[in-house]
Amino acid sequence: PGERTEIDYADGIAIVDRTTGRHQKTQLFCGVLPFSSYTYGEFVLNQKVASFIASQERMWSFFGGVTLYVVCDNLKSGVAMAHRYDPDINPTYCDFANHTGFAVLPARPYKPRDKASIEATIGAIQRGFYQEVRERIFYSLDELNAVFRVYLEGLNLAPMKDYDVSRATRFSNERRCLKALPRTPFELCEWRQAKVHPDCHIQVLRNFYSVPYRSVGQSVRVRLGSNLMEVFAADSEPLAVHPRLVGMGKFSTQEQHYPDKKLGIKRFEVKAAQEQAERIGPETRALVESLISVDYPLLHLRRIQGILRLASSKQLSVEALEYGSKQAMTFNKPRFHYVKSCAEYFQKNGTRLMLVKPKRQREDVYLHGDELSTPAAQGGGGQP
């Protein structure tokens, strides 16, 4: 009693959209305690990690406690890589198991008898509930689950043939053997892999986070929470913690992650950038030197590499990049997009000045030539 819970999915009952009449498939999530056969179930829309964990949270609340083990099938939300002897658990699901207090025991591939109780219970539900509602049409998941909860209550209270007592009666004795529920709710996190760039940053969801420079070139594991982003080495050593950034192209940098100036200036990537800039020309060399000559030479390494790649990738000529670098130094705008736009302008037009027609805003009522924005068009009676 209280040793393990078996969980599994099965094809559910379709729900119908009232407006379009389209049928949407559902999945039946089911969990059973093999000792008492006490059963929990619900219909869900998918088997993704978030839905998989949320269903189990509701299952533990229904049981009022947690068992030592959970036996699951080899779905991707629970098992990252199935194996007969040494399976890999999905990292997010492993976090949930550690938080809740149970160990995951994946069933062996193609061995349904490893979870015989849940297989038998799902079969009973399909023969019972599915047949009862085969003529009914459900228009929402809530409506379907409301009817299923009534059936499930009857299933748990009905006497079992083998024991002549109900599942609920047997569970009343098993409940005392369950572990207590966790005191705090589980925060769903996403795990990712990233490689540390020479500028001591990793890129995650189009944002950049700093990592200690000793990890440059290594692959790290990243755990993304709702508010925090944590970085771990391959051996699970914690490396960095950052607030999670919202948007794209933003940086979260901790200066202690950079090496000191003497060590940074000797890095191969910095030397290579200086040599490449020297081959392009004096203006580009001056721009690169200005970006490197800061307290942390690796701070702008990614920007420098992007500027130099404009020439190496044949996007722009050397002369155009030299012009863009000169303009960036003249107007103190050493940004990648400014250098690129100046270089593209030079490559297209040379040094010839071009007249650019201003963009008109629709809300500006005094622009001539725009019938919709004149005072007359707006009821003011003026001339265009």
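Biologist: Which residue's face does R170 lie over, and at what distance from the ring centre?

Modeller: Y163, at 4.1 Å from the ring centre. A charge counts as over a ring if NZ of Lys or CZ of Arg is within 6 Å of the ring centre and within 35 degrees of the ring normal. R170's charged end also sits over the ring of F35, 5.0 Å from its centre. By the way, this is a predicted model: local features need pLDDT of at least 70, side-chain atom pairs count only at pLDDT 80 or more, and totals for chains, interfaces and linings use all residues. Numbering starts from 1 along each chain as its sequence is written, and side-chain values use heavy atoms, leaving out hydrogens and water.

Biologist: How many aromatic pairs are there?

Modeller: You describe a pair of aromatic rings by the distance of the centres and the angle of the planes. Rings of Phe, Tyr and Trp (its six-membered ring) pair if their centres lie within 6.5 Å; planes under 30 degrees apart are stacked, over 60 edge-to-face, the rest tilted. The count here is 25. Take Y9 and F52: their centres are 6.1 Å apart and their planes at 40°, so the pair is tilted. Y9 belongs to strand 1 (residues 4-11) and F52 to helix 1 (residues 49-63), 43 residues apart. (Helices, H or I of at least four residues, and strands, E of at least two, are DSSP runs numbered from the N terminus.)
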